[in-house]
Amino acid sequence: MHTTHSRFLLAGLPVQRLDFIPHSLTPADMQALPHAALLARAVASRQAEHLAGRLAAGLALREAGAEHGVPGIGAHREPLWPSGFIGSITHTGCTALAVAVRQTDALHALGIDCETPLDEATAHEIADETVNAAERRALAASGLPFPLALTLAFSAKESLFKALFPQVGEGFGFEAAQVTALDSRHMTLRLAARLGPYPAAMTFTAHTLCESGRVVTLIRA
C-alpha cells in the first residue's frame with residue numbers, strides 16, 4: 001500500500017502521520033501484521049485503515065525506543081501495546097495517526113483522536129448525544145464556532161476513552177466526562193463519576209490541534 005510518512009508534535013509528544021491510498025492495498029501488504037488472519041473478512045477499506053494505523057504505531061514505538069513490532073488486537077478490539085509502553089491510534093479518511101511513549105508513573109495514560117470538522121447541520125443533530133446544557137454553555141463561552149467547538153468536544157471525549165480504557169477495563173459514554181473549559185489549543189474535561197481508579201471530579205487536559213480539514217486531540221495523564 002502506498003503511504004506517505006510525516007511527523008509533528010502535540011503536547012510535547014511526537015505524533016506519527018501516515019497518509020495512505022486505500023485502493024493501492026494488496027493482500028501481501030497485510031502480511032506485515034501478525035494478526036492479519038483476524039482481518040481476513042474485513043472489507044478492503046477497513047483493512048487499509050487498520051494497516052495504516054498499525055504501521056504508524058510501529059513508527060511511534062520505534063521512536064519511543066521499542067525494539068520492534070506493532071500492537072496486536074485485544075478482546076475489545078483495542079490495540080495491545082508492548083510491555084512498558086503505552087500509545088494510541090486514530091484514523092480518519094485516508095490519514096492515520098499514532099503516538100507511543102514509555103510508560104512511567106508520571107505518564108500512564110495516552111489517547112489521541114482525529115476528526116473531520118462537523119458541519120452546522122450535523123453539529124446540531126448530534127449535540128444532545130455529545131454534550132449537556134452546562135457543556136453547551138462552556139462551548140459558547142469559548143468564542144469558537146459551535147460546529148468546531150462541538151467537534152473538539154467529541155474528539156476530546158474519544159481521546160479520553162482511549163486513554164482511560166486500559167485502566168477502566170469497560171466502556172463508558174460521553175456523559176462520563178464534562179467539558180468545563182476550552183479554547184483553540186486546550187480543553188478541560190472533568191469526570192462526572194468514578195471510572196475505575198480515576199475518582200469523580202478528576203480533570204484531564206486535552207491538547208488540541210485545528211488544521212485544514214481535520215481536528216486532532218490528545219490526552220496524556
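This is a predicted model: local features need pLDDT of at least 70, side-chain atom pairs count only at pLDDT 80 or more; totals for chains, interfaces and linings use all residues.
Helix H2 spans residues 120-130, and its buried positions are Ala123, Ile126, Ala127 and Thr130. Viewed down the axis of H2, these buried residues lie within an arc of 145° and therefore line one face of the helix. The face of H2 turned away from the buried side bears the exposed residues Ala121, Glu125, Asp128 and Glu129. At the start of the helix, a side-chain oxygen of Asp119 comes to within 3.3 Å of the backbone nitrogen of Ala121.

The cysteines were examined separately. A disulfide is a covalent bond between the sulfur atoms of two cysteines. A search of the whole structure returned zero disulfides. For Cys114, the closest cysteine sulfur is that of Cys210, and because the separation is 11 Å, it is too far for a bond; the cut-off for a disulfide is a sulfur pair within 2.5 Å. The sulfur of Cys210 likewise has that of Cys114 as its closest cysteine sulfur, at 11 Å. Cys114 is buried, with a relative accessible area of 2%, whereas Cys210 is partly exposed, at 36% relative accessibility.

Note on methods. Residues are numbered from 1 along each chain as its sequence is written. Side-chain values use heavy atoms; hydrogens and water are left out. Buried means under 20% relative accessible area, exposed over 50%, partly exposed in between (1.4 Å probe, protein chains only). Helices (H or I, at least four residues) and strands (E, at least two) are DSSP runs, numbered from the N terminus. The arc is that of the directions from the helix axis to the C-beta atoms. A polar contact is a pair of N or O atoms within 3.5 Å; within protein, one must be able to donate a hydrogen and the other to accept it, and residues adjacent in sequence count only if both atoms are side-chain atoms.
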